[in-house]
Amino acid sequence: MEQSQSAVQDQPATVTVQTSEPDRIAPASAASRDVISPQACSTCGTTPAANAASVVSPPCIYVIGHIEPRFPQLSIEKEARQIIARGGPSKETDREVMARLLRDSANNYLVRQLCWVLSVQGV
């Protein structure tokens with residue numbers, strides 16, 4: 001009797017279900033339909049609104065990179081060079097000298113006139 005039970009257990013079970021009507025896909029009612037919302041753009045982050053206008057994403061982003069000052073006019077660069085020359089010779093690198101110049105509160109007027117360039121991974 002044990003052999004007959006193991007033979008029955010090894011056979012896959014198949015179940016046949018008969019229905020009186022063929023399979024049909026029921027139309028979805030208006031209440032059960034999913035609402036499709038527009039997705040944000042992967043490049044600019046804006047989300048298109050229903051009326052074809054753009055919804056602006058939050059104004060803050062976080063970036064890890066380097067900020068470097070640029071002189072928009074030759075006169076501003078000359079003034080910075082004069083301030084550096086008044087400090088006398090030093091063993092600091094150009095970057096360290098510029099950082100010291102920009103940190104000094106007496107040079108805030110100069111910092112406001114500079115242009116700033118953000119570079120991320122060399123770009």
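Salt bridges in a predicted model

Tutor: The side chains of Arg 100 and Glu 92 meet in a salt bridge, with N and O 3.1 Å apart. Keep in mind that this is a predicted model.

Student: Are those two buried or partly exposed?

Tutor: Arg 100 is partly exposed, with a relative accessible area of 41%. Glu 92 is partly exposed as well, at 33%.

Student: Where does "partly exposed" start and stop?

Tutor: Buried means under 20% relative accessible area and exposed means over 50%, so partly exposed is what lies in between.

Student: OK. How many salt bridges does the count come to?

Tutor: The count comes to three salt bridges.

Student: Which residue does Arg 81 pair with?

Tutor: Arg 81 forms a salt bridge with Glu 77, and the N to O distance there is 3.7 Å.

Student: Why does that pass as a salt bridge?

Tutor: The cut-off is a side-chain nitrogen of Lys or Arg within 4 Å of a carboxyl oxygen of Asp or Glu, and this pair has 3.7 Å from N to O.

Student: Where are Arg 81 and Glu 77 in the chain?

Tutor: Both are in helix α2, which covers residues 74–86. They are four residues apart, so about one helical turn separates them.

Student: And how accessible is each of them?

Tutor: Arg 81 has a relative accessible area of 47%, which makes it partly exposed. Glu 77 is partly exposed too, with 28%.

Student: What about Arg 70, which residue does it bridge to?

Tutor: Arg 70 bridges to Glu 68, and their closest N and O atoms are 3.3 Å apart.

Student: Is Glu 68 buried or partly exposed?

Tutor: Glu 68 counts as partly exposed, at 26% relative accessibility.

Student: Changing topic. How many helices and strands does the chain have?

Tutor: There are four helices and four strands in the protein chain.

Student: In what order do they run?

Tutor: Starting at the N terminus, the order is α-β-β-β-α-α-α-β.

Student: How much of the chain counts as buried?

Tutor: The protein chain has 123 residues, and 9% of them count as buried.

Student: What does the accessible surface come to?

Tutor: For the protein chain it comes to about 11400 Å², and carbon and sulfur atoms account for 55% of that.

Student: Last one: what share of the contacts join residues at least 24 apart?

Tutor: The share is 57%, taken among contacts in the protein chain between residues at least 6 apart in sequence.

Key. Residues are numbered from 1 along each chain as its sequence is written. This is a predicted model: local features need pLDDT of at least 70, side-chain atom pairs count only at pLDDT 80 or more; totals for chains, interfaces and linings use all residues. Side-chain values use heavy atoms; hydrogens and water are left out. Buried means under 20% relative accessible area, exposed over 50%, partly exposed in between (1.4 Å probe, protein chains only). Helices (H or I, at least four residues) and strands (E, at least two) are DSSP runs, numbered from the N terminus. Contact means heavy atoms within 4.5 Å. Accessible areas come from the Shrake-Rupley method with a 1.4 Å probe; for residues, only the protein chains shown count as cover.
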